[in-house]
Amino acid sequence: MSFVSVADFEQKAKEQLERNALDYYKSGAGEQVTRGLNHEAYKRLRLRPRCLRDVSHLDISCKILGEQLAWPLGIAPTAMQKLAHPDGEIGTARAAGQAGSIFILSTLSTCSIEEVAAAAPETCKWFQLYIYKDRSLTQQLVRRAELAGFKALVLTVDMPINGDRRADARNQFSLPSHLSLANFQDELTQGFASQFGGSGLNEYVASHYDPSITWQDVKWLQQLTQLPIVLKGILTAEDAQLARDAGCAGIIVSNHGGRQLDTAPATIEALPEIVAAVAHDLVVMLDGGIMQGIDIFKALALGAQTVFIGRPALWGLAANGQRGVEQLLKLMRLDFETTMKLTGCATLSHIQPTMVVHESSFWKLGEFN
Ligand SMILES: Cc1cc2nc3c(=O)[nH]c(=O)nc-3n(C[C@H](O)[C@H](O)[C@H](O)COP(=O)(O)O)c2cc1C
């Protein structure tokens, strides 16, 4: 089979993955309204291309938090990647490095911080954190990420508790016994098993993550480290302003791929108010629903400095390990370049907010009787 779109990788992944893993990867929370909106919202945006502007040479490189990157697409943190393929997070991190993209490693990874650092030394790596009830666990993860050369910490702030993930509850989702949460020892090593007949992940989050965390804990994290701190899971201008006031280096506008609060807005819908509020003060990034170059373009036009993919990288990994993620990133890059050329943009600075409009602006009420 030749892969010409992310959907082709997704199809292949669906054939490869076991039910437990596939449901965990693909599902959203509740009735999956937000999961669907993340994609549909892009389709409601129209592009206004410009023409006769030399696009024979493109420069799509960018600098994010001081790092020179080949293009504005990175890999969002997704847990337990060995469920997709034995290459796991090492495969994804290497593929990201080849593509000149940021790789964000999840706390709940199946390859450890040190393994990923040793296997992908050239990749720009950020580390994603949760704040554990036992603060010393979080503190140790911070130290290890620093020592291993990770360049930023990404604190996930949309998960005081696990979202209502019904497929995982039905499947009593847990990690198979040959895999473990590689960043932990002792009782946290073996991942989680369902004790109460529901999702094992749900029970893990409830027993270990601290739902009492506040902006004070962001301050606590800041005094632990010199690394820049990025908050992931911001959906309102109000919280973006608090992140700025707390001295964060950046935010990722994210609804966790529709896996936490159902009927929260699509991230591309939430982006404009956040950009208007804080884009001059910190780096605004986005994830959720990005499937093609056109989506990257729209997010950039509306003010994101870079975007991330979650599930698409998992589909690449499931389809063909590290090589699958490499192929997927190549395809998405080519697609983004095509969009750049067809909209008349030779560099990222040519992408303007006026190039993206909501479909409703073409249909004024009463104009067509
Ligand atoms: C299977 C899976 C596992 C995830 N694990 C984490 C995680 O460990 N930490 C985190 O901050 N976000 C996690 N996320 C959310 C992603 O980082 C990201 O926000 C989301 O996948 C983006 O949407 P997309 O999948 O439509 O690209 C996970 C998402 C998926 C699909």
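The side chain of threonine 343 reaches the backbone oxygen of threonine 339 at 2.7 Å. That's our way into this structure, which is a predicted model. From there we'll look at another threonine, then at some aromatic rings, and finally at a pair of helices.

**Threonine 343**
- You'll find threonine 343 in the loop between H13 and strand S12 (356-358).
- A polar atom of the threonine 343 side chain also lies 3.0 Å from the backbone oxygen of methionine 340.
- Is threonine 343 buried or exposed? Its relative accessibility is 4%, so it counts as buried.
- Leaving out residues up to four places away in sequence, threonine 343 touches Leu47, Pro49, Arg50, Arg53, Phe297 and Met355.

**Threonine 156**
- Threonine 156 sits in strand S7 (residues 152-156).
- With a relative accessible area of 3%, threonine 156 is buried.
- Its side chain makes a polar contact with the side chain of glutamine 128, at 3.0 Å.
- Gln128 also turns up among the residues that threonine 156 touches, along with Leu129, Tyr130, Lys232 and His256, again not counting residues up to four places away in sequence.

**Aromatic rings**
- How many aromatic pairs are there? The count comes to 9.
- Take phenylalanine 127 and phenylalanine 150: their ring centres are 6.0 Å apart and their planes sit at 85 degrees, so this pair is edge-to-face.
- Phenylalanine 127 belongs to strand S6 (residues 124-129), while phenylalanine 150 is in the loop between helix H6 (135-147) and S7, so the pair links distant parts of the chain, 23 residues apart.
- Phenylalanine 127 counts as buried at 0% relative accessibility, and phenylalanine 150 does too at 2%.
- Tyrosine 132 and tyrosine 209 are edge-to-face as well, because their planes are at 75 degrees, with ring centres 5.3 Å apart.
- Tyrosine 132 is in the loop between S6 and H6, and tyrosine 209 is in the loop between helix H8 (200-208) and helix H9 (215-224), so their pairing ties together parts 77 residues apart in sequence.
- Both tyrosine 132 and tyrosine 209 are buried.
- One aromatic cluster is formed by Tyr130, Tyr132, Phe184, Tyr204 and Tyr209.

**Helices H2 and H13**
- The axes of helix H2 (residues 19-26) and helix H13 (residues 311-342) come within 10 Å and cross at roughly 155 degrees, which means H2 is roughly antiparallel to H13.
- Leu22, Tyr25 and Lys26 of H2 make the contact with Arg311, Leu314 and Trp315 of H13.
- Sorted by class, that H2–H13 contact has 4 nonpolar, no polar and 2 charged residues.

Notes
Residues are numbered from 1 along each chain as its sequence is written. This is a predicted model: local features need pLDDT of at least 70, side-chain atom pairs count only at pLDDT 80 or more; totals for chains, interfaces and linings use all residues. Side-chain values use heavy atoms; hydrogens and water are left out. Axes are lines fitted to C-alpha atoms, for helices over the stretch in contact, and angles run from 0 to 180 degrees between N-to-C directions. Helices (H or I, at least four residues) and strands (E, at least two) are DSSP runs, numbered from the N terminus. Angles under 35 degrees count as roughly parallel, over 145 as roughly antiparallel, 65 to 115 as roughly perpendicular and the rest as oblique. Contact means heavy atoms within 4.5 Å. Ala, Val, Leu, Ile, Met, Phe, Trp, Tyr, Cys and Pro count as nonpolar, Asp, Glu, Lys and Arg as charged, and the others, Gly among them, as polar. Buried means under 20% relative accessible area, exposed over 50%, partly exposed in between (1.4 Å probe, protein chains only). A polar contact is a pair of N or O atoms within 3.5 Å; within protein, one must be able to donate a hydrogen and the other to accept it, and residues adjacent in sequence count only if both atoms are side-chain atoms. Rings of Phe, Tyr and Trp (its six-membered ring) pair if their centres lie within 6.5 Å; planes under 30 degrees apart count as stacked, over 60 as edge-to-face and the rest as tilted.
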